[in-house]
Amino acid sequence: EKEAVASLKEYVDSLPEAYTSENIEEGRMAVAKLKDLITNLPKAVEYADYSKVTLYLNNCADLNESYYTTASWARLQAAINAIVYNLPKTEQEKVDKMAEDVWNAYGNLEMVKANYTELKKVYENVPNESFYPNYTDDSIEVLKKELAGLDWNLLIKDQDRVDKMAERLQSAIDGLILKGADYTSVYEQKARIPENGSECYTEETWKDVQTALAIVTYNPRYAS
């Protein structure tokens, strides 16, 4: 193609600026040769339509590799790298197949699961249900609500949601309020001790009573 164009240019440059009546025949021959040279120029190549390829590649442009499994990402990259450009229109079918391969690989990308490490650590600190009665009803309801809202199947694109679940669950655990213990029996037994007990009991037994009274802790944070 380049050689044909160069030959035409070279011939045109060699022609005189004008022909006179004296060399009119030479001019006619020049026109005939020009026609031949132009006729023999190779036809411009009509390229295949790559609009689908471009569209599908644009869909892949902002993808985050870390969101997808290694295997599915590799398949997409292989499809992209297999694209051959500047094919003629006669090979449109091949171009369409390349576009289809990219689209299929894009549609089959597999996202990895979100990172649940922190949430699992927090979850380990949730008290056993057998201890729920030790806490106020309101604080337990908050904990139950957070536990019911846990979703263990989120993907990496929802990592923020997983992190928020961990924060809210930790907050619910920290917000648990222990009920005060029931001291009714303690008060009943204490009331049975006479005020002049030191006069009624031996020194040793009265000392035991005083020791028992001294170890009583009122209003503990944990109900036993």
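Modeller: The model is predicted, so local features need pLDDT of at least 70 and side-chain atom pairs count only at pLDDT 80 or more, whereas totals for chains, interfaces and linings use all residues. Residues are numbered from 1 along each chain as its sequence is written, and side-chain values use heavy atoms, with hydrogens and water left out.

The secondary structure of the chain consists of 11 helices and zero strands; these are DSSP runs numbered from the N terminus, H or I over at least four residues for helices and E over at least two for strands. The radius of gyration is 45 Å, well over the 17 Å that the globule rule gives for 224 residues, so the chain is more spread out than a compact globule. That radius is taken over C-alpha atoms, and the rule is 2.2 Å times the number of residues to the power 0.38. Along its principal axes the C-alpha trace spans about 160 × 35 × 25 Å. Of the 224 residues, 24% are buried, where buried means under 20% relative accessible area, exposed over 50% and partly exposed in between (1.4 Å probe, protein chains only).

The largest nonpolar core has 19 residues, and those touching the most other members are Tyr116, Leu119, Leu143, Val162, Met165 and Leu169. Helix 6 (117-123), helix 7 (137-148) and helix 8 (159-174) each contribute at least two residues to this core, with the largest share, six residues, coming from helix 8. A nonpolar core is here a set of buried Ala, Val, Leu, Ile, Met, Phe, Trp, Tyr and Cys residues joined through side-chain atoms within 4.5 Å. Setting aside neighbours within four places in sequence, Val162 is in contact (heavy atoms within 4.5 Å) with Ala114, Asn115, Tyr116, Leu119 and Leu154. Another core lies apart from it and has 18 residues, among them Ala48, Cys60, Ile83 and Val102.

Gln159, also in helix 8, is buried at a relative accessible area of 16%. Beyond its neighbours within four places in sequence, Gln159 is in contact with Ala114 and Asn115. Gln159 and Ala114 are 45 residues apart in sequence, yet their C-alpha atoms are 5.3 Å apart in space. Across the chain, among contacts between residues at least 6 apart in sequence, 74% join residues at least 24 apart.

Ala48, named above in the other core, is in contact with Gln92, as is Asp49, once neighbours of Gln92 within four places in sequence are left aside. Gln92 lies in helix 5 (residues 92-107), and a polar atom of its side chain is 2.5 Å from the backbone nitrogen of Asp49. In the loop between helix 4 (70-81) and helix 5, Asn86 has a positive phi of about 65° although it is not a glycine. Most residues other than glycine have a negative phi. Asn86 is exposed, with a relative accessible area of 59%.

The structure holds zero disulfides, a disulfide being a pair of cysteine sulfur atoms within 2.5 Å. Cys60 is buried at 10% relative accessible area, whereas Cys200 is partly exposed at 47%.

Technical notes: A polar contact is a pair of N or O atoms within 3.5 Å; within protein, one must be able to donate a hydrogen and the other to accept it, and residues adjacent in sequence count only if both atoms are side-chain atoms.
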